[in-house]
Amino acid sequence: MKRIGLVGCVKAKLDTPQIACELYTSALFKGRRLYVETSCTEWWILSAKHGLVHPEELLSPYDFTLKKATKKGRMIWSKRVLEAINERIDVTAGDVFEIHAGIEYRNFGVAAGIRRKGCLVSVPTIGMGIGKQLKFYKEQNYLQQLDRKL
């Protein structure tokens, strides 16, 4: 059984092309990234513009968000992400997808599509506002660092 992290992109980005895991600069993204790097066997980024992105892929900065997309636009994006999961990730029934992203990234087909594959979906910060998410990641990442030192 694998644990696959999916981390939603954020608005704050560097001004120059970077590998995807370094492009996004917000505390929220950094907290999510640190969390999945420890809790998951592999992780990917959910980019509003590019869909499913490997953390080592080179990306240019962009200004696009799913928050402003229509319901139909979000559903089309979700279908594209599920197709990319089929092509790029070796998924087995029983695998767990840990999603660290807002509802725009998971509730328009992504989570349901993953469940149809026989996988489980976990959303550790479901129902939390941004402030509570930041606190959650700060606390969890601190605890993970302590565990590594022991």
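Rings of Phe, Tyr and Trp, the last represented by its six-membered ring, pair if their centres lie within 6.5 Å. With this cut-off, Tyr24, Phe29, Trp43 and Tyr62 form one aromatic cluster. The model used throughout is predicted.

**Exercise 1. Describe the surroundings of strand β3 and state how it pairs with strands β1 and β4.**

Solution. 
1. Begin with burial: strand β3 covers residues 42-47, and five of its six residues are buried.
2. Turn to strand β1, residues 3-8, which pairs with β3 in the parallel sense over five bridges. Within this pairing, Gly5 has Trp43 of β3 as its bridge partner.
3. Continue with strand β4, residues 51-53, which pairs with β3 in the antiparallel sense over three bridges. Here Ile45 has Val53 in β4 as its bridge partner.

**Exercise 2. Classify the aromatic pair of Phe29 and Trp43 and the pair of Phe136 and Tyr137.**

Solution. 
1. A pair of aromatic rings is described by the distance of the centres and the angle of the planes.
2. A search of the whole structure gives seven aromatic pairs. For Phe29 and Trp43, the ring centres are 6.5 Å apart and the planes stand at 55°, so this pair is tilted.
3. Locate these two residues: Phe29 belongs to helix α2 (residues 27-39) and Trp43 to strand β3, 14 residues apart, and the pair links distant parts of the chain. Both Phe29 and Trp43 are buried.
4. For Phe136 and Tyr137, the centre-to-centre distance is 5.2 Å and the angle between the planes is 75°; the pair is edge-to-face. Phe136 and Tyr137 are both buried.

**Exercise 3. Which residue lies over the face of Tyr62?**

Solution. 
1. Take the ring centre of Tyr62 as the reference point.
2. Lys13 lies over the face of this ring, at 4.4 Å from the ring centre.

**Exercise 4. Which residues of the largest nonpolar core touch the most other members?**

Solution. 
1. In soluble globular proteins, nonpolar side chains tend to be buried together.
2. The largest nonpolar core has 41 residues, and Tyr24 and Ile114 touch the most other members.
3. Helix α3, residues 71-88, supplies the largest share of this core, with five residues.
4. Consider the contacts of Ile114, leaving aside residues up to four places away in sequence: Ile114 touches Leu6, Leu82, Ile85, Phe97, Ile99, Cys119, Leu120 and Val121.

Technical notes
Residues numbered from 1 in each chain as written. Predicted model: local features only at pLDDT ≥ 70, side-chain atom pairs only at ≥ 80, totals over all residues. Heavy atoms only, no water. Buried < 20%, exposed > 50% of the residue type's maximum accessible area, 1.4 Å probe, protein only. Helix = DSSP H or I, 4+ residues; strand = E, 2+ residues; numbered from the N terminus. Pairing = 2+ DSSP bridges. Phe/Tyr/Trp six-rings, centres within 6.5 Å; stacked < 30°, edge-to-face > 60°. Lys NZ or Arg CZ within 6 Å of the ring centre and 35° of its normal. Core = buried A, V, L, I, M, F, W, Y, C linked by side-chain atoms within 4.5 Å. Contact = heavy atoms within 4.5 Å.
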